[in-house]
Protein chains: 2
Amino acid sequence: MKRTHYCGDLSLANDGEIVSICGWIQRRRDHGGLIFIDLRDRTGFVQIVFDPAISGEYFPLAEKARPEYVINATGKVSKRPEGQENPNMTTGEIEIYISEMEILNSAKTPPFLIEDDVDCDENVRLKYRYLDLRRPELQKNFKLRHQLTMKIRNYLDGHGFWEVETPILGKSTPEGARDYLVPSRMHPGEFYGLPQSPQLYKQMLMISGMDKYFQIARCFRDEDLRADRQPEFTQLDIEMSFIDREVIMDLMENMMAEIYRELLGIEIKTPFLRLSYAEAMERFGSDKPDLRFGMELKDISDIAKDSNFKVFAANVAKGGVVKGITVKGGEHFSRRELDDLTKYAGIFGAKGLAWMVVIGGEDKVKSPIAKFFTPEQIDAILGRMEAEVGDVVMFVSDNYDTTCNVLGNLRCEIAKRENLIAPDDNQFLWVVDFPMFEYDDEEERYVAKHHPFTMPMDEDLDILTEHPEKVRAKAYDMILNGVELGGGSIRIHNSEVQSKVFELLKLSEEDIHEKFGYFLTALQYGTPPHGGIAFGIDRMVMLMAQRKSIRDVIAFPKTQSATCLTTESPCDVAPKQLRELGISLRETDKN
Amino acid sequence: MKRTHYCGDLSLANDGEIVSICGWIQRRRDHGGLIFIDLRDRTGFVQIVFDPAISGEYFPLAEKARPEYVINATGKVSKRPEGQENPNMTTGEIEIYISEMEILNSAKTPPFLIEDDVDCDENVRLKYRYLDLRRPELQKNFKLRHQLTMKIRNYLDGHGFWEVETPILGKSTPEGARDYLVPSRMHPGEFYGLPQSPQLYKQMLMISGMDKYFQIARCFRDEDLRADRQPEFTQLDIEMSFIDREVIMDLMENMMAEIYRELLGIEIKTPFLRLSYAEAMERFGSDKPDLRFGMELKDISDIAKDSNFKVFAANVAKGGVVKGITVKGGEHFSRRELDDLTKYAGIFGAKGLAWMVVIGGEDKVKSPIAKFFTPEQIDAILGRMEAEVGDVVMFVSDNYDTTCNVLGNLRCEIAKRENLIAPDDNQFLWVVDFPMFEYDDEEERYVAKHHPFTMPMDEDLDILTEHPEKVRAKAYDMILNGVELGGGSIRIHNSEVQSKVFELLKLSEEDIHEKFGYFLTALQYGTPPHGGIAFGIDRMVMLMAQRKSIRDVIAFPKTQSATCLTTESPCDVAPKQLRELGISLRETDKN
């Protein structure tokens, strides 16, 4: 073993050199008395050639070699004969004539081919994850992931941040999603909780004067998994003292610009656009608007309320709104497609979807509801909607939130169906001034929109008690292409405001004391003003690598039932272990 | 809030500048109509002065300010008057005359003073950890810890390593120390295990062709805690393919040299000394020898066996050894001190400790056992022991292992008592060629000295079955000043050798299959030769920062009963949570 080069690094520049490489056999071809092997390592492929005249005693070894065998081979780099270059390989201009070779290990036939366009059930690939990870496209993702975290760390280090590790065996908190619990052997009947985020630890680090903290931290959430979630995930967690939110937003957008420039060669314009939550909802029907296409929402309530279309008029009369979007050139939509979009809108609560195809001429529009509008009203609507001949306008009439939400989703769906999204477009923005609370109908109480440690806007502090629904928070989300990359806020640094917020969330005195008592105490010992942000690293890598699933950027991901198919965990454990932990299995669940 | 500088960064170079600083009030002194405040932030202290003529309306605020209040203050940097400089402060040549000030937060009186020589029970400090962490000496540790991990990452990145994250919700393995378990909600009755190390994941990453992996990984061990252990700890985990152990040792010792040079300004000589396990035991009675002092062990069995001292002679006759150490200038030991050392030796199993004080003259030595030796034997012993007048030689006679172990510990204890250790001495070395197995009398079977994935030395492979006790492993430990910094090995890349080792460890077929089956399968699909190493980061920082406890380098450490006093975890959880997890508490344990 005396590797001198990686496979993919070789080129014509090495012509004539004796090199030694290690790797896996991708493919073997016997041809005209010669054996050609594509050898693969982390960097790529190179073609090696066994010629009996040169390889001598090693030629029979090459005959034995099969796919995924691990070998070490030494030979002379040569320019390929004219016409035999392979432009699809970075090393396609050369090949290596092997004079020495060792088979380092054999391999059973893999259950699927190690290649990028693998055609194999994902569960099989997850079971043999170590084989799946040999595929170049996956390896590329892990290289990128490594480069990303290096870049982030060096950027933050350069700005005076210290990485501090916070506990993983933490305290269970009942807020929000479920904690994973860890039974304590030393304190039978008691449990640690795995952190959903290092939130309170990082705030305590600010109280301790650490000033600028970050951590690329593992976090845990025992939720029923959606396609894009994992029970454990990685978060870039940041907190700083003595700052306002502009400082953080500025620092973070510059970080993203540096990352995209240096890792992807993409220039991102800074500063990012900042939209208030209210404006984002109003114009895009979403608090994570995708700005890669138009179709902004317009409000036609003022026109609709005077029309003869009862559905619209009555809804506006009782405080609802009528809003619409304009699909440029949408006239090609068939009736069936329009019905399908109506169905799609229904998923988000729309009771119907009204549409008008702009045809010009005397009738102006073709629409089942045209007859309820005067020509002047039609003109006014088309003017408001900036619709021209060939476009389709679509309307939803409901309460404000539902109307925005339906159109926000419809807008994205149509953009996808109509192929309106340029593949390399990256539209970053900040959404700010979120509502502090939202009302949870199920729990019949307010819940925190971000989390209960978020500072209300100064000017809203005095309506905190009377009008919690109107209070805005010093919160900010970074959005990329309709996806939330990260979110943060300025935190409450005053224990009275913090207690008040807990009260509004209807946490009982006892709950507050038991779960957050130590933190309320900490706030009283000289807490600096502070704030921070957190980014989902898995999602960030996924977007940067243009992958569709975060499983493609996690080495050993779990399935939607939170199982690791590679190691077969979770699994049974010995009764002795449970006894020592002071727990037992519930019979009913164990069958 | 418009901080322009950190407190500790100011100096005469800023003389005359208007600066704005933020921080905590360390101390207030009212003196001659002026108020002096030492303001503290992460970087240090600076003295600010309130003069009614300059501070105006802010002067009364300064009168209100108390220790640990958080303030923002703006003023002009001035050279201190002649004779009032404070050489103990880095900013001691200047002070700031404050023209504007805001109290950002008040503070209750802390339960202990925020200063380095704090005189307060550690449990109180751990409860108010956020206050404890304000102490400059602790903050310095976390800065160093951050710098260390940055340095490590950049070093490894520069050498082509990728950081890959492996799961924390892993598979429970029964080998070695205890796993923390996490009940699965989706699979009631089943459990995840928190990893004691990412060992099998990183080996699978090698099988996947990642080639060079590292991770600064959190690991977990549910052991009864000794002073220097934590239930969770941080490990620098490294693995690489297609290499032998020289490559890793070389890379790692250069990394340490770079770290010590750049972070501590200390030059370390490379390459490190390499001692075989056998030689380390023979000469230092330890597999982690402290080389900062002499007192090497010498064997006098050949002389002792012919003496009239039955204890020695009989022991040698039945295969035991007599070994000793020489304490230079040890003649000052009182009888009581010698008795005390004998007691100390007893802790490690010595049935006695024989000693000779070298007094010269006709008697040569003063010793209770002198009479059993001829003058020639005494001469031979003193010659072997390189003992001179004024020295003391001490002997232990037992089986080989006990003799070495007792003297190895005695040697370190005496060095400590005799103050033989220079404070800034850093003696690194490698110990290599460890035994593959050791016999566990309790379990009546061989156990792996390192771990069961360690490759035996090539030349010992054919005695694996017949003489496991003689097999040496391709293992290596990096030792600093008698402490194991890290350890690693070349791994088994052949599934048959791996199965054989499992057999020797008396793992049942069923156990092997259930716990390691997936890994044995993985080994069959083209595993490259590979090896790695792991370092304890907590301990490394502790040694670099010259601290006595790893709790000083962990932000929120746990006590010896694995409790976090800050957050009071572990704690009770709601019965509903347990029901969902399919577990219940055992009544007997709940009391």
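Author: Two strands pair if DSSP finds at least two bridges between them; helices (H or I, at least four residues) and strands (E, at least two) are DSSP runs, numbered from the N terminus. This is a predicted model, where local features need pLDDT of at least 70 and side-chain atom pairs count only at pLDDT 80 or more, while totals for chains, interfaces and linings use all residues. Residues are numbered from 1 along each chain, chains are lettered from A as written, and side-chain values use heavy atoms, without hydrogens and water.

Reader: What makes strand 21 and strand 22 of chain B a pair?

Author: Five bridges join strand 21 (residues 483-490) to strand 22 (residues 530-536) of chain B, and the rule asks for at least two, so they pair. The two run antiparallel, with B:G488 opposite B:I533.

Reader: Why do strand 6 and strand 11 of chain B stand at the edges?

Author: The open sheet has the order 6-9-10-22-21-20-17-11 in chain B. Strand 6 (162-163) and strand 11 (273-276) each have a single partner strand, so one side of each lacks a neighbour in the sheet.

Reader: Why does B:E63 count as partly exposed?

Author: Buried means under 20% relative accessible area and exposed over 50%, with partly exposed in between (1.4 Å probe, protein chains only). B:E63 has 44% relative accessibility, so it counts as partly exposed.

Reader: And what does B:E63 touch, beyond residues up to four places away in sequence?

Author: B:E63, in helix 2 (residues 59-64) of chain B, touches B:R28 and B:I35, contact being heavy atoms within 4.5 Å.
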